[in-house]
Amino acid sequence: MKYQLSKEVKFTPEWNANLDLPEEERVGFVLKVLSMGDVLLLMDTLESAGDSDGNVNSETLDVGTTTRLVMEARRLLPLYAEMTGLEGADDEVIGVDTICEYPQFIGLITEVLFKLIEISTPNEADTKN
C-alpha cells in the first residue's frame with residue numbers, strides 16, 4: 001500500500017477578504033501536519049460545537065468553545081504554523097504568537113485550526129493500493 005503524506009501545506013485563508021487582495025499582499029501560512037495527539041485534542045475541543053452530522057460552523061461557536069479554541073491555538077500555532085504577510089501600522093511583522101493575543105484575529109485563528117485538522121486527517125485520496 002502506498003500512502004501520500006504531505007508534511008507541509010501552503011494555505012491562504014479567506015479571513016478579512018484576504019483572497020481579494022493582490023497575491024503579494026495576502027496573509028499566508030505554511031502549515032505542518034498535526035501529531036495524532038494534537039489532532040485528537042483539537043477534535044475533542046470542537047466535538048461539542050458540532051451539529052448531528054459533526055459539522056462545525058466557526059461563526060456560531062459559543063464562548064466556551066471559542067475560549068478553548070484560542071487556548072489550543074496559543075499552544076498549536078507556534079508549533080505547526082508559519083505566517084507571512086501580516087504587518088502592524090508601524091511595519092512590524094505580526095506572527096502567530098501575536099494573533100493569538102488579540103480578539104480581532106479569532107476568525108483567522110479558527111480558520112487556520114480548521115485547516116490544520118483537514119490536512120492532518122487522512123482521506124481516500126491519500127491512500128492508494
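Visitor: Which residues line the second largest pocket?
Guide: This is a predicted model: local features need pLDDT of at least 70, side-chain atom pairs count only at pLDDT 80 or more, and totals for chains, interfaces and linings use all residues. Residues are numbered from 1 along each chain as its sequence is written, and side-chain values use heavy atoms, without hydrogens and water. A pocket is an open set of points on a 1 Å grid over the protein atoms alone, where a 1.4 Å probe fits, with protein on both sides within 12 Å along at least five of seven lines; lining residues have an atom within 4 Å of a point. Here they are Lys10, Phe11, Thr12, Glu23, Arg26, Val27, Gly28, Phe29, Val30 and Thr84.

Visitor: Are α1 and α2 roughly parallel or antiparallel?
Guide: Helix α1 covers residues 36-47 and helix α2 residues 63-80. Their axes (lines fitted to C-alpha atoms over the stretch in contact) come within 9 Å and cross at roughly 160°, on a scale from 0 to 180 degrees between N-to-C directions. Angles over 145 degrees count as roughly antiparallel. The two helices are therefore roughly antiparallel.

Visitor: Which residues of α2 make the contact with α1?
Guide: Contact means heavy atoms within 4.5 Å. From α1 come Asp38, Leu41, Leu42, Thr45 and Leu46. From α2 come Thr65, Arg68, Leu69, Glu72, Arg75, Leu76 and Tyr80.

Technical notes
Helices (H or I, at least four residues) and strands (E, at least two) are DSSP runs, numbered from the N terminus. Angles under 35 degrees count as roughly parallel, over 145 as roughly antiparallel, 65 to 115 as roughly perpendicular and the rest as oblique.
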